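Take a walk through this model with the sequence at hand.

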Amino acid sequence: MKHTFLLEIGLEEIPAHVVTPSVAQLATRMKDFLNDSRISFDEIQTYSTPRRLAVKVLGLADKQPDIKEEAKGPAKKIAIDDQGNWSKAAQGFSRSQGVDPDQIYFKEFKGTEYAYVEKSVLGKPVTEVLTAIDQVITAMRFPTMMRWSTNDFEFVRPIRWLVCLLDEQVIPVQILQIKADRISAGHRFLGQDVSLAKADDYPAKLVDQMVIADAKKRKDMIRTQIAELARKNDWQIVIDEDLLEEVNNLVEYPTVFAGSFDKKYLSLPDEVLITSMKDHQRFFYVLDHNDQMLSHFVSVRNGNDKFIENVVAGNEKVLTARLEDARFFYEEDQKRPISASVERLKNVMFHDKIGTIYAKMQRVTSIAEFLGQRVELTATELQNLKRAAQIYKFDIVTEMVGEFAELQGVMGEIYARLFGENESTAVAIKESYMPLGSESELPQTNVGAILSVADKLDSIQSFFAAGMLPSGSNDPYALRRQALGIVRIVLAKEWNLSVIDLAAAIDNSYQKEQDLYTNTQPSQNKNEWQQFIMDRIHQLLSDQNYAYDIVNTVVESSQNTFQQIFSAADVLTKHQTDSDFKENIEALTRTVRLARKGQSDIQPAVKESLFENDSEKNLFTAFNAVAKSYANEDLEEQYAALASLREPISEYFDETMVMVDDQAVKNNRLTQLADIAKLTYSFGSLDNLNVK
């Protein structure tokens, strides 16, 4: 017989962004608990609202299956006495396992024979297994945990009720003073408690109490109501998926409504209107069919449509106050030129251990110029880059950004246009903040991309030099995100930049204006921040499912460009299944290891006069043929060239002893191998490849 099991955790309101991952965690922990308990099931359904996390398990088995287990007892020399009889230890062991001593048999374990018995273990009924379901709840972890009353137990919010039903039966479980029951709570204001006769009644019974526990159904209701509102008014209502997810996790019974604001506020930039509605009030904004902003908004009420006009009026009043502030800030900001704002940045600290934002902009200007020249920006692009770098943080001291911090960069672009800056400079100001996340949009323009890289590079180098390195999960200045942003931008633009180039940009800036690096000497933790960026490349490669040994190989050389590192991973991955891959790599890595071992004895050049056999000459000839065009070939061609050296290398090692007593001959041979090893560095450290 199969069963249905319901577990509902009733809570004080959970933060919206925590609801979805929390119910997913509950489902995962429930699945693991049942699997570990050997209870089969067909499906786990999830339900969630701001006040509850629930799972319903369908097709739950009646009991654990009966199994046979092997139990290990004392060593044979202890289990049998001098007369060949079962010892007290053996008798006690068999008795503890519920079997007769004659059922004991012996098996070797780590060189010693031990007593074993095989016993049948009867499966427990599911009702007994589920009494331990509190372990699922107490094991849950959240970004923010809290205690309440005098308890030591922590959870995302205080637990107010528990429903734990196996079909019609309440499973006796308790968390603190909360005992599991069949009573669930309805909507906080519009519903009442509801008694569930059986687990299958969930979630249908809650609908009568104004609770839609199925998050997907609730979201579909919002979409449908928004679509109907748009059709009725001939609007385009822009549904931001992240906002929809957040709103869905704020309500238990959604009712969509529309409000409006004075058209005079449409003179504000769209970004300001959208931020005021979306980020601050969780409203959806409305466009006409020409994609022009309309003076309307759409929101979702947690409840029905009774007295909805009061809700609309209240939301309109709040939004109007925010828009009135925004209009005032917008007008005031236009009274102060960019130069005045830049001057004010001399008194605004980037960090008290690093210096002012003004000084940072000066450093970034120099870094950006170096990188711009390195990637061969045009003269016009370099000119626009210099101007953007000199002013790109000016909007930090504007009134608008002071109130709407999330518009930093966005307002810089808008104000730059208003004050007559050219389009390239204005766009670069906004793009300097991109990407905002690990998968967020990248800068599109060359000027904006270089400015973004320079800004992030300066931040990373400055914090490392000041001794504020990320550790473990502690990264208060988001340096990992910024380093990953650098890597993503360089790869997307296909620029030939390496970590060494980034370090050169810092050193060049330091040489020009050392007074800007008073507390952030480039020599401090220089290797550490370079490795920090290489670690982000390692992370990105791993996330893209390259084999671990290939990742470890290609990231070994910081001399290689980011583009080259990823291309090397592609080429090695492509050839990893070749029939001769193992032999090729083994031959090449043998040269690498010997060259590394004798590094101090390597000469400036190979002397043919010191060759003692034909294999040395043949390898020298083959190497010169490969090396002649190697630098101008792509990595696919370079791999083929290296592979062509396998036979002469193998012949060489068959006929040649490298570490001979004659110092001149030995050094000459090490130099010859070192020249070959240098070619392999275009792929990283090939000796990290697993070819066994």
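What follows covers selected residues, loops and helices in chain order.

This is a predicted model, in which local features need pLDDT of at least 70, side-chain atom pairs count only at pLDDT 80 or more, and totals for chains, interfaces and linings use all residues. Residues are numbered from 1 along each chain as its sequence is written, and side-chain values use heavy atoms, with hydrogens and water left out.

Start with His 3. His 3 sits in strand β1, residues 3-11. Helices (DSSP H or I, at least four residues) and strands (E, at least two) are DSSP runs numbered from the N terminus. His 3 counts as buried at 8% relative accessibility. Buried means under 20% relative accessible area, exposed means over 50%, and partly exposed lies in between, with a 1.4 Å probe and protein chains only. Contact means heavy atoms within 4.5 Å. Setting aside neighbours within four places in sequence, His 3 is in contact with Val 57, Leu 58, Gly 59, Leu 60, Ala 61 and Asp 62 among others. Its contacts also include Val 126, Leu 166 and Asp 167.

Next comes Arg 38. Arg 38 belongs to the loop between α1 (16-36) and β2 (43-49). Its phi is near 60°, a positive value in a residue other than glycine. Arg 38 is partly exposed, with a relative accessible area of 30%.

Now move to the loop between β12 (194-195) and α6 (204-207), where Leu 196 lies. Leu 196 has a relative accessible area of 0%, so it is buried. What surrounds Leu 196? Neighbours within four places in sequence aside, Leu 196 is in contact with Leu 6, Val 163, Leu 165, Arg 182, Ser 184, Asp 201, Tyr 202 and Lys 205. A cis peptide bond joins Tyr 202 to Pro 203, with omega about 10°.

Glu 376 is found in the loop between α12 (357-374) and α13 (379-391). Phi of Glu 376 is near 65°, positive in a residue other than glycine. Glu 376 is exposed, at a relative accessible area of 68%.

Then look at α13. Its 13 residues should span 18 Å at 1.5 Å a residue, and its end C-alpha atoms are 19 Å apart, which agrees. The expected span is 1.5 Å times one less than the number of residues. Asn 384, Leu 385, Ala 388, Ala 389 and Ile 391 are buried in α13. The cover over these buried residues includes α11 (338-344), α12, α16 and α17.

The bond from Met 434 to Pro 435 is cis, with omega near -5°. Pro 435 lies in the loop between α16 (423-431) and α17 (446-465).

Further along, a helix pair meets. The axes of α20 (residues 526-543) and α22 (residues 562-575) come within 12 Å and cross at roughly 35°. Axes are lines fitted to C-alpha atoms, for helices over the stretch in contact, and angles run from 0 to 180 degrees between N-to-C directions. Which residues meet? Ile 533, Met 534, Ile 537, Leu 540 and Leu 541 in α20 meet Phe 562, Ile 565, Phe 566 and Ala 569 in α22. The residues of this contact divide into 9 nonpolar, no polar and no charged. Ala, Val, Leu, Ile, Met, Phe, Trp, Tyr, Cys and Pro count as nonpolar, Asp, Glu, Lys and Arg as charged, and the others, Gly among them, as polar.

Phe 611 lies in the loop between α23 (581-597) and α24. At 10% relative accessibility, Phe 611 is buried. Beyond residues up to four places away in sequence, Phe 611 touches Val 606, Glu 616, Lys 617, Phe 620, Asn 668 and Gln 672.

The walk ends at α24. Ser 615, Glu 616, Leu 619, Phe 620, Phe 623, Val 626 and Tyr 630 are its buried residues. Why do they line one face? Seen down the axis of α24, they fall within an arc of 140°, so they line one face of the helix. The arc is that of the directions from the helix axis to the C-beta atoms. Those buried residues pack against α25 (635-643), α26 (646-655) and α27 (663-680). On the other side of α24, Asp 614, Thr 621, Ala 625 and Lys 628 are exposed.
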